[in-house]
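Try each task yourself before you read the solution.

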Amino acid sequence: MISLRARLAAVVVMLAAGLCLKAARYAGTSEASEAEAAERVSAVMTAHGWTAAGPIQRRAGGFYSRLVFERPDCPRPVLVAFLSGNAESAELVRLDHAGEVAFVQDGSVVAAPSGLHRQLAAIRHGAGRWLGRPQASPLPVLAVWPAPDAGLDVCKGPAASAWTAVERAAVAQAAALTVNEP
Amino acid sequence: MMPVASTAQAANPAAFDARLPAAIMLGGSLNGLAVRIVEELAANGFTSLSLGIGPFQLIALLVAARLCLSPDASEHRLPGWLHAAAVVLLLVPSSSFSWLVVALYAAAQACAASGRQRTGAAVFLAVALCAIWSSVALKWLAAPVTAAEAYVVGQLVGLVRPDIVQSGNVIGIPDQHNLVLMTACTTADALPWAALALVSVALLLGNPEPRRTFAAVAILAVAYALANAARLGAMSWSGDMYALIHGPIGRNVFDLLQTVAVLGLGSWASRP
């Protein structure tokens, strides 16, 4: 028969182990860093002939940041904003850009970001890492101006389908990196 | 420590037994708070003594632990496998999942225990439910909840400042000054914690009767909703007002008012 004191000690050790596991998980951000997200977005834009016109700009007191992309044959730029946290700055971005914005969340172009989908993506990502599957960090919610459409007008930026491929490409890249590791 | 524990165990075996569920619920709660602690340490190091844990959360947890450790003899105990299952599940590296485990375990403990130990388990259950509400459910409902509160604030402020308009969770003067209402700033996020702290204070100070406690929570809810609307309205007024209300002075004054209200109403609710 195990004494109560021994059981208590075992419980404390297990709870401390749980804390360490969580600290290890949360010490690395679940979302891609701003620099990583900017790199992935720039890759998509470059593939469609757009070039970043400068570094990431912080907007609205840091509520969101954005990259400006230009193309020589197009009169106006395409803006891609990165919405941190629960994307609560979505409405502000929409107001700042006269409502002509669409959001890219978890590989889908949506009219408004969803907190539920963001959490499900984080759970999928965490579970995938836990099971040892190759995972690219999920991108933060992106706001794209002008809103992507079927892609008939090249000056409106990449088509909606190009944005849905961003997440898949990142996962494939993560898988390739995992395979190439010694 | 050893002689004290042995004496307590000899005097009342139930007092020692109570440590196991109390340790699981308190340790589980710490696991639930892990994400907040890690974020606080990453952002500010060890500058905050509370490690990012809110004062109302701390009050509720300490009262719950104290009640769970009170020397009531429980007739029924949880089976050993349930303690083991809870501890193993708390290893899963997800704070939200840990809160779910604490909620289920505390509910089982509240059913099995009696007296103050049952009350303590119920407070742990309430803490876990508040945490799940704040960290999971409210994020799903962020858009409608923030927009609804912004609408109310916009309507109230619009009575005296027609140039201040509301759109979604944004209140302000277009192209000049905008206030983005975040989930963490809403009454829906803060009020459950304040109400729980009020009940915890009442339980700590006495044996509150339900009707008086309900009245105290209702008063707190109305006062909090009005105070938060006034605070948000003031922040939407201008950039200078935002800096004052959202800065150290405004934040400390609002925190102080909350604390006084919770302690005062908790003390009132605890009276016979």
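**Exercise 1. Find which residues of helix 5 of chain B meet helix 10 of chain B, and describe how the two helices pass each other.**

Step 1: list the residues. From helix 5 of chain B come F56(B), Q57(B), I59(B), A60(B), V63(B) and L67(B), and they meet W193(B), A194(B), L196(B), A197(B), S200(B), V201(B), L203(B) and L204(B) of helix 10 of chain B. Contact here means that C-beta atoms, placed from the backbone, lie within 7 Å. Helices (H or I, at least four residues) and strands (E, at least two) are DSSP runs, numbered from the N terminus.

Step 2: sort them by class. The residues of this contact split into 12 nonpolar, two polar and no charged. Nonpolar covers Ala, Val, Leu, Ile, Met, Phe, Trp, Tyr, Cys and Pro; charged covers Asp, Glu, Lys and Arg; the others, Gly among them, are polar.

Step 3: get the geometry. Helix 5 (residues 55-68) and helix 10 (residues 187-205) of chain B have axes that come within 8 Å and cross at roughly 35°. Axes are lines fitted to C-alpha atoms, for helices over the stretch in contact, with angles running from 0 to 180 degrees between N-to-C directions. The crossing of helix 5 of chain B with helix 10 of chain B is left-handed, a label used if the near helix is turned anticlockwise from the far one by less than a right angle (clockwise would be right-handed).

A word on ground rules: this is a predicted model, where local features need pLDDT of at least 70, side-chain atom pairs count only at pLDDT 80 or more, and totals for chains, interfaces and linings use all residues. Residues are numbered from 1 along each chain as its sequence is written, while chains are lettered from A and ligands numbered from 1 in the order in which they are written.

**Exercise 2. Work out why helix 10 of chain B counts as largely enclosed, and check its length.**

Step 1: count burial. 14 of the 19 residues of helix 10 of chain B are buried, so the rest of the structure largely encloses this helix. Buried means 20 or more other C-beta atoms within 10 Å of a residue's own, exposed means 12 or fewer, and partly exposed is in between; again the C-beta atoms are placed from the backbone.

Step 2: check the length. Helix 10 of chain B reaches 26 Å from its first C-alpha to its last, close to the 27 Å expected at 1.5 Å a residue. The expected span is 1.5 Å times one less than the number of residues.

**Exercise 3. Identify the residues that touch the most other members of the largest nonpolar core.**

Step 1: A nonpolar core is a set of buried Ala, Val, Leu, Ile, Met, Phe, Trp, Tyr and Cys residues joined through C-beta atoms within 7 Å.

Step 2: Leaving out residues up to four places away in sequence, F124(B) touches M25(B), S29(B), A64(B), V102(B) and A106(B).

Step 3: In soluble globular proteins, nonpolar side chains tend to be buried together.

**Exercise 4. Describe the side of chain A that touches chain B.**

Step 1: count both sides. 28 residues of chain A are in contact with 33 residues of chain B.

Step 2: name the contributors. Helix 1 (4-27), helix 3 (90-96) and helix 4 (115-130) of chain A each give two or more residues, and helix 1 of chain A gives the most, with 16 residues.

Step 3: classify. This side of chain A has 17 nonpolar, six polar and five charged residues.

**Exercise 5. Compare how the two chains are built.**

Step 1: count elements. Chain A has five helices and seven strands; chain B has 13 helices and three strands.

Step 2: compare burial. Buried residues make up 30% of the 182 residues in chain A and 42% of the 272 residues of chain B.
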